[in-house]
Amino acid sequence: MFGMDDPVKVLNQLRHYVSDGRLEIAEVMAEELTNLLLSEKNRTIDRQELLVLALRDHANILEIRLKWKSSIKVANRLSKEKKSLISLRAKNKIVQTQEDLVLNLQDHMQKGRVFLQMGKMGKAITCFSYPVKTGYIEAFLLSIEAHVQCKGSLKKATKLAKSLNNSLGECGPLSRENNEFYLYSQFDQKTSYEKISTSIQKWLQPSLNLNTQVAANLAQKLESFNSQKEAIERGEQAANARLQSAIDSLQPAIDYHEYSQSSR
């Protein structure tokens, strides 16, 4: 079914269905594709890579369709097959790329989101812990939000909130893209500033019992980022300071015109 003689074509087609919102047929195709690839023995690197891609898509589709338990089951299989892929690559002396690291980070995020939807705070935070170590702000937001959703309090989220405050200090400056503002962390992972601001303002409510000093520090960070946002909107700060910095780093260290004049 679905032309399974060409798995690459099937994968591209199911992704097209997802983008069109045809999730039911995309789910069926993803399940059939992963079952086909899992049935193969002694898979080549290419086939193993394809299996990992298909499992990742399947887990995400199931998440979108609110099929939490099924999504976790597929995500667990994805973890197993990624280990097999790493082993195959190692045997062939193929090193991991930054893209692999980013995809692995996103896999942890995906699984954590599902556990959070299931009300499993501990498992969700465990999944988010790897992205948190990279300073990914989105992971911090979801980890702290897990305390709110599952416990209704931030009494035991002090350590996480302190780490978030530190990571916010290491991110930045604020960037604007298509009239939206973002903060970037390691591996160029971006988080919506609107989401950051909304989350922190919510956590500052006294009823959530966030540590007073941590709350004050986070409020100060928001004030600083809001000042940056206003400066960007007034044209007083580069809309994308990260890009500008990269461009500046390519400029010659010497003013060659001035150098040529002085050497005459």
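## Exercises on a predicted model

Apart from its neighbours within four places in sequence, D57 touches L11, L14 and R15, where contact means heavy atoms within 4.5 Å. This is a predicted model, where local features need pLDDT of at least 70, side-chain atom pairs count only at pLDDT 80 or more, and totals for chains, interfaces and linings use all residues. Residues are numbered from 1 along each chain as its sequence is written, and side-chain values use heavy atoms, with hydrogens and water left out.

**Exercise 1.** Find the helix that holds D57, and decide whether D57 is buried or exposed.

*Solution.* Start with the position: D57 belongs to helix α3, residues 45–64. Helices (H or I, at least four residues) and strands (E, at least two) are DSSP runs, numbered from the N terminus. Next, check the accessibility. Buried means under 20% relative accessible area, exposed over 50%, and partly exposed in between (1.4 Å probe, protein chains only). D57 has 14% relative accessibility, so D57 counts as buried.

**Exercise 2.** Work out how the buried residues of α9 are arranged around its axis.

*Solution.* First, list them: in α9 (residues 193–203), Y193, I196, S197, S199, I200 and W203 are buried. Now look down the axis of α9: these buried residues fall within an arc of 165°, so they line one face of the helix. That arc is taken from the directions from the helix axis to the C-beta atoms. Then turn to the face pointing away from the buried side, and you'll find the exposed residues E194 and T198. Finally, see what the buried residues of α9 pack against: α7 (137–151), α8 (158–170), β2 (180–185), β3 (189–192) and α10 (212–233).

**Exercise 3.** Say which ring the charged end of K190 sits over.

*Solution.* Begin with the rule: NZ of Lys or CZ of Arg must be within 6 Å of the ring centre and within 35 degrees of the ring normal. Then apply it: the charged end of K190 is over the ring of Y182, 4.3 Å from the ring's centre.

**Exercise 4.** Count the disulfides in the structure, then classify C150 and C171 by accessibility.

*Solution.* A disulfide is a pair of cysteine sulfur atoms within 2.5 Å, and the count here is zero. As for the two cysteines, C150 is partly exposed because its relative accessibility is 27%, while C171, with a relative accessible area of 12%, is buried.
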